[in-house]
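Open the model in a viewer and keep the selection panel at hand. The stops below run from the whole chain down to single side chains.

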Amino acid sequence: MTLADILILTRRWAAGLLVAALVGAGAGYALVRLTPVTYAATAIAYVRVEAASDQSGSSSQYAAEQLAISQAESLVPVVTSPVVAQAVARSLGIDAPPAALADTISAKHVDGTHMLEVTARAGSAAEARQVADAAVGQAAVELKSLEGAQYPAEVVLMSSAELDDVSHSPSAFRAVAAGAVVAPALVYAMLLLAAVMGAARRGAAAGGRTGQEPGPAPASSHHP
């Protein structure tokens, strides 16, 4: 196919592609309406370490800094553990198995810092915020339980999830936009494929007819 053929095909099916875009957008919107909405909120945990003093009275600030960073990184599996999730469910009165609730909590260490981003997903914005904050608090309790009361590191809530902009999924705008783009793209791809296959068949048929045409008759020879 040439570029001119593609332009002709596009003009011929412009109305159909527009209908496909509208149908795709409608399907995306319907999918959003039928899919349960999940809200996500993020709290920021901060690992604080008391710097020990040596005999000269100067603080080992560097050692404390490195311990805090290391502890923040190692807290990720603690925050997302079923043990912490069970404590969160008990404190908030959530009726959910610990393993299932733990699957809704995620944590990410911010590289090179004492901070940990704790995100919770739930069926409502309020519950997502409560779970994220409670996960930080229960992780602090679990850390003391694991390391002992004299452990120099402690976890505090630096930024409550109440201050975070709660996100939700699926997004109606994204679903509608995706449907409006994907549906006509699929239709157009099928039209192009059909046009290419049709042109190939016509070319093969024309070649067959050309091969079957009789050649020129041989000249007859006359002998005296």
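Start with the whole chain: among contacts (heavy atoms within 4.5 Å) between residues at least 6 apart in sequence, 75% join residues at least 24 apart. This is a predicted model, in which local features need pLDDT of at least 70 and side-chain atom pairs count only at pLDDT 80 or more, while totals for chains, interfaces and linings use all residues. Residues are numbered from 1 along each chain as its sequence is written, and side-chain values use heavy atoms, with hydrogens and water left out.

Colour by secondary structure next. The chain has 8 helices and 5 strands, where helices (H or I, at least four residues) and strands (E, at least two) are DSSP runs numbered from the N terminus. Their order along the sequence is α-α-β-α-α-α-α-β-β-α-β-β-α.

Of the 224 residues, 29% count as buried; buried means under 20% relative accessible area, exposed over 50%, and partly exposed in between (1.4 Å probe, protein chains only).

Select Arg 48 and Glu 154. Their side chains form a salt bridge with an N to O distance of 2.7 Å; the term requires a side-chain nitrogen of Lys or Arg within 4 Å of a carboxyl oxygen of Asp or Glu. Arg 48 sits in strand β1 (residues 38–49) and Glu 154 in strand β4 (residues 153–159), so the pair ties together parts 106 residues apart in sequence. Arg 48 is partly exposed at 41% relative accessible area, and Glu 154 is partly exposed at 28%. A search of the whole structure finds 1 salt bridge.

Move to His 109, in strand β2 (residues 105–109). Is His 109 buried or exposed? With a relative accessible area of 10%, His 109 is buried. Leaving out residues up to four places away in sequence, His 109 touches Ile 69, Ala 72, Glu 73, Val 76, Met 115 and Leu 116. A polar atom of the His 109 side chain lies 2.9 Å from the backbone oxygen of Thr 113.

Finish at Val 181, Val 182 and Leu 186. Together they make a nonpolar surface patch with about 280 Å² of accessible area. Patches consist of residues with over 30% relative accessible area and no salt bridge; like charges are joined within 9 Å, nonpolar side chains (Val, Leu, Ile, Met, Phe, Trp, Tyr) within 5 Å. Leu 186 belongs to helix α8 (residues 172–212) and is exposed, at 52% relative accessible area.

Terms used: Areas by Shrake-Rupley, 256 points an atom, 1.4 Å probe, with all protein chains shown as cover. Polar contact = N/O pair within 3.5 Å; in protein donor to acceptor, adjacent residues only side chain to side chain.
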